[in-house]
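Welcome! Let us take a walk through this structure together, one region at a time.

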Amino acid sequence: MSLEKRVMSKYIPAHIAIILDGNGRWAQKYNFIRTIGHKKGAENLKDMALICNEVGIKVLSVYAFSTENWNRSSSEVEYLMKLPREFEETYKGKFKDKGIRVIFSGRRDRFSKENRELILKTEKKTKDRKGLILNVCYDYGSHTEIIEAVKQISNKYKNNEIELEDINVELMDNHLYTKDLPPLDLLIRTSGELRISNYFLWQLAYSELYFTKKLWPEFNRKELFKALDNFQKRNRRYGGIKEKE
Ligand code: IPE
Ligand code: IPE
Ligand code: MG
């Protein structure tokens, strides 16, 4: 059976996340400037969203800009801040035909007014779509996300809206950016780095992890199916014991 047929005949994860890493190294490999790598990476993201939708994945979360990525050179940051403009076009074309919804997760207070408006516009224009949800994590960092959740919960406690006993996993889940999304099944990181870089620290508790040396611009349909095939062979125990064992 072909790889694609095998994967499609088994359980397709509801929510996958990808740390889109290696754009800079891809550019370097072909003697381009780093921003060309980011351009290629954004194009690849659009292709991969369409493929994930076709496969039947419900949510694709992508780490596109971290809270630490502001530390890069101003010209690189400036280029990376063009992503909302790039994704504005998702209200039409293939994304529209396939019903792909686009949302953004992360801080918004450090963006330009133009970017904040573009993000709101894209979210609004795509909000009733029923296909894949593309969750673009942009100025996202888990530390900030968790601290924000703790602050909101502390305020509710202070205002007597909740008791100390109400603070549990579910309550935390409901104060994170991912509150409306299904649990994270699989995290993929491209480019060979074996770290999480402040991504989804809370959500990763029982997700499966998959690392590949492929650089993000070269992560294609075949690589996605390889990752899904690998995921389908995992034995997810959640701390328990599978009956067969
Ligand atoms: C990922 O590629 C994109 C972002 C972090 C914005 P990088 O820019 O980190 O590429 P490398 O890791 O330098 O190759
Ligand atoms: C993680 O990649 C962030 C994104 C892909 C957006 P980085 O390239 O910023 O991570 P480090 O610096 O290698 O940990
Ligand atoms: Mg990197």
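Predicted model: local features only at pLDDT ≥ 70, side-chain atom pairs only at ≥ 80, totals over all residues.

In soluble globular proteins, nonpolar side chains tend to be buried together. Here the largest nonpolar core has 42 residues. Within this core, Leu60, Leu134, Tyr138, Ile188 and Leu224 have the most contacts. Helix α3, spanning residues 34–55, gives the largest share of this core, eight residues. Apart from this core lies another one of 10 residues, which includes Ala17, Leu184, Leu187 and Tyr199.

Not counting residues up to four places away in sequence, Leu224 touches Ile16, Met48, Ile51, Cys52, Ile188 and Phe219.

Helix α3 itself deserves a look. The helix has 22 residues, and from its first C-alpha to its last it reaches 31 Å, close to the 32 Å expected at 1.5 Å a residue. Is Asn31 buried or exposed? Its relative accessible area is 73%, so Asn31 counts as exposed.

Now turn to the ligands. Around ligand 1 there are 13 residues, and Leu20, Asp21, Arg25, Arg34 and Arg72 come nearest. Which side-chain atoms lie beside its oxygen atoms? For Arg34, an N or O atom of the side chain is 2.9 Å from an oxygen atom of ligand 1, and for Arg72 a polar side-chain atom lies 2.7 Å from an oxygen atom of this ligand. The backbone takes part in the picture too, with a polar backbone atom of Gly22 at 3.3 Å from an oxygen atom of ligand 1. On its own, ligand 1 has 380 Å² of accessible area, and the protein covers 88% of that.

Ligand 2 has surroundings that include Ile19, Tyr63, Phe65, Ser66 and Arg195. Leu20, Asp21 and Arg72 are also among the residues that surround ligand 2. A polar side-chain atom of Ser197 lies 2.6 Å from an oxygen atom of ligand 2, and one of Asn69 lies 2.9 Å from an oxygen atom of this ligand. For Arg189, the distance from an N or O atom in the side chain to an oxygen atom of ligand 2 is 3.4 Å. Taken alone, ligand 2 exposes 390 Å², of which the protein buries 79%.

Tyr177 sits in the loop between α9 (169–173) and β5 (186–189). Leaving aside neighbours within four places in sequence, Tyr177 is in contact with Ser105, Gly106, Arg107, Tyr140, Thr144 and Glu145. With a relative accessible area of 27%, Tyr177 is partly exposed.

Asp229 belongs to helix α10, residues 221–232. Its relative accessibility is 8%, so Asp229 counts as buried. Beyond its neighbours within four places in sequence, Asp229 is in contact with Leu3, Arg6 and Val7.

Finally, Tyr238 is found in the segment after α10. Tyr238 is not a glycine, yet its phi is positive, about 50 degrees. At 48% relative accessible area, Tyr238 is partly exposed.

How values were computed:
Residues numbered from 1 in each chain as written. Chains lettered and ligands numbered in written order. Heavy atoms only, no water. Core = buried A, V, L, I, M, F, W, Y, C linked by side-chain atoms within 4.5 Å. Buried < 20%, exposed > 50% of the residue type's maximum accessible area, 1.4 Å probe, protein only. Helix = DSSP H or I, 4+ residues; strand = E, 2+ residues; numbered from the N terminus. Contact = heavy atoms within 4.5 Å. Near = heavy atom within 4 Å. Polar contact = N/O pair within 3.5 Å; in protein donor to acceptor, adjacent residues only side chain to side chain. Areas by Shrake-Rupley, 256 points an atom, 1.4 Å probe, with all protein chains shown as cover. Expected span 1.5 Å × (residues − 1).
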